[in-house]
Amino acid sequence: MLEIDSVSAGYGSLTALENISARLPDGGRLGIFGHNGAGKTTLLRCIIGAHAPSAGTVRFNGEPVIPGQVPATVRRGIAFVPQGHNVFPNLSVEENLTISGLLFDPSFVKEVLRLFPVLDERRSQRAGSMSGGEQQMLALGMAMMTQPKWLLLDEPSTGLAPVIVRNVMGQLTAVSKTFGTGLVIVEQNVPATLKVVEHCLILKSGRAVYDGDAATLAAKPDLWEWF
Ligand SMILES: Nc1ncnc2c1ncn2[C@@H]1O[C@H](COP(=O)(O)OP(=O)(O)O)[C@@H](O)[C@H]1O
Ligand SMILES: [Mg+2]
């Protein structure tokens with residue numbers, strides 16, 4: 001269980017998040033939406049322990065996530081794919097994956113390559129020479145090398161062509177089905193994400209203006225009024 005319990009956060013005198021809560025069972029899938037500056041990245045940073053909430057707590061399996069201890073959080077089973085293509089450009093696909101799993105089980109590369117055939121075909125290719133979509137897939141594979149219980153993704157579809165976005169979303173569904181990994185997806189592409197997640201938060205100036213299931217949100221003709 002991942003619990004976001006009444007979390008508020010800010011930067012100096014600026015309030016970025018106000019009283020945000022969510023309770024996700026193991027394997028749960030949450031989408032977080034909202035305009036630029038709404039507080040989405042700050043919420044992910046609070047979950048992984050990279051930013052200290054000014055109030056409230058994040059708990060993973062009942063134990064608090066300790067702010068400032070990101071490596072400890074990752075070892076406990078929460079992985080974070082930040083915005084942008086975070087790969088080592090001069091290493092091969094396989095080297096990128098192996099390095100990411102060094103503190104875990106490097107032989108898990110086999111499982112990740114089975115799940116992502118695109119990466120398997122390019123295992124000896126230099127990561128920096130791949131397309132944006134392929135690099136995003138590799139960043140996802142690198143996060144999976146830590147065999148996380150939860151995967152946090154900050155705008156995984158940004159900058160990708162629509163057909164590639166469908167690919168990435170499809171891979172996230174596959175990860176969730178194959179390994180039972182819980183997903184927390186921050187996205188601008190709401191329709192594509194609603195196909196993957198089951199619960200959603202819409203943030204506006206740090207507050208949750210929608211907190212409910214994805215199907216209900218997807219069925220709303222006035223979806224955009226929430227933004
Ligand atoms: N490192 C920072 N220092 C100061 N203010 C920041 C910092 N990061 C984000 N902010 C501010 O916090 C608010 C929320 O930002 P952020 O969580 O990045 O929003 P989003 O990811 O939804 O675009 C914005 O007003 C932003 O300008
Ligand atoms: Mg952001």
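Is Ser 176 buried or exposed? Select Ser 176 and take a look: with a relative accessibility of 10%, Ser 176 counts as buried (under 20% relative accessible area is buried, over 50% exposed and in between partly exposed, using a 1.4 Å probe and protein chains only). Ser 176 sits in helix 7, residues 162-179. Helices and strands here are DSSP runs numbered from the N terminus, H or I of at least four residues for helices and E of at least two for strands. Setting aside residues up to four places away in sequence, Ser 176 touches Arg 29, Thr 181 and Leu 183, where contact means heavy atoms within 4.5 Å.

Before moving on, some ground rules. This is a predicted model, in which local features need pLDDT of at least 70 and side-chain atom pairs count only at pLDDT 80 or more, while totals for chains, interfaces and linings use all residues. Residues are numbered from 1 along each chain as its sequence is written, chains are lettered from A and ligands numbered from 1 in the order in which they are written, and side-chain values use heavy atoms, leaving out hydrogens and water.

**Next stop: helix 6**

Select residues 132-144, which make up helix 6. Helix 6 is mostly covered, with 12 of its 13 residues buried; among them are Gly 133, Leu 138 and Met 144. Now show what lies around those buried residues: the cover includes strand 6 (78-81), helix 3, helix 4 (109-115), helix 5 (117-121), strand 7 (150-154) and helix 7. If you like a quick length check, the 13 residues of helix 6 should span 18 Å at 1.5 Å a residue, and the end C-alpha atoms are 18 Å apart, which agrees (the expected span is 1.5 Å times one less than the number of residues).

**Helix 6 against helix 7**

On the helix 6 side, pick out Gly 133, Gln 136, Met 137, Leu 140 and Met 144; facing them from helix 7 are residues including Ile 164, Val 168 and Phe 179. Color the contact by class and you get 8 nonpolar, 4 polar and no charged residues (Ala, Val, Leu, Ile, Met, Phe, Trp, Tyr, Cys and Pro are nonpolar, Asp, Glu, Lys and Arg charged, and the others, Gly among them, polar).

**Helix 6 against helix 3**

Val 93, Asn 96, Leu 97 and Ser 100 of helix 3 meet Leu 138, Gly 141 and Met 142 of helix 6. This contact divides into 4 nonpolar, 3 polar and no charged residues.

Most residues other than glycine have a negative phi. Go to Ser 6, in strand 1 (residues 2-11), where phi is positive at about 50 degrees. Ser 6 is partly exposed at 29%. Then jump to Glu 155, in the loop between strand 7 and helix 7; Glu 155 also has a positive phi of about 50 degrees, but is buried at 7%.

**Last stop: Ala 16**

Finish at Ala 16 in strand 2 (residues 14-24), which is buried at 10%. Neighbors beyond four places in sequence include Ala 9, Thr 42 and Gly 206.

How values were computed. Axes fitted to C-alpha atoms, helices over the stretch in contact; angles between N-to-C directions.
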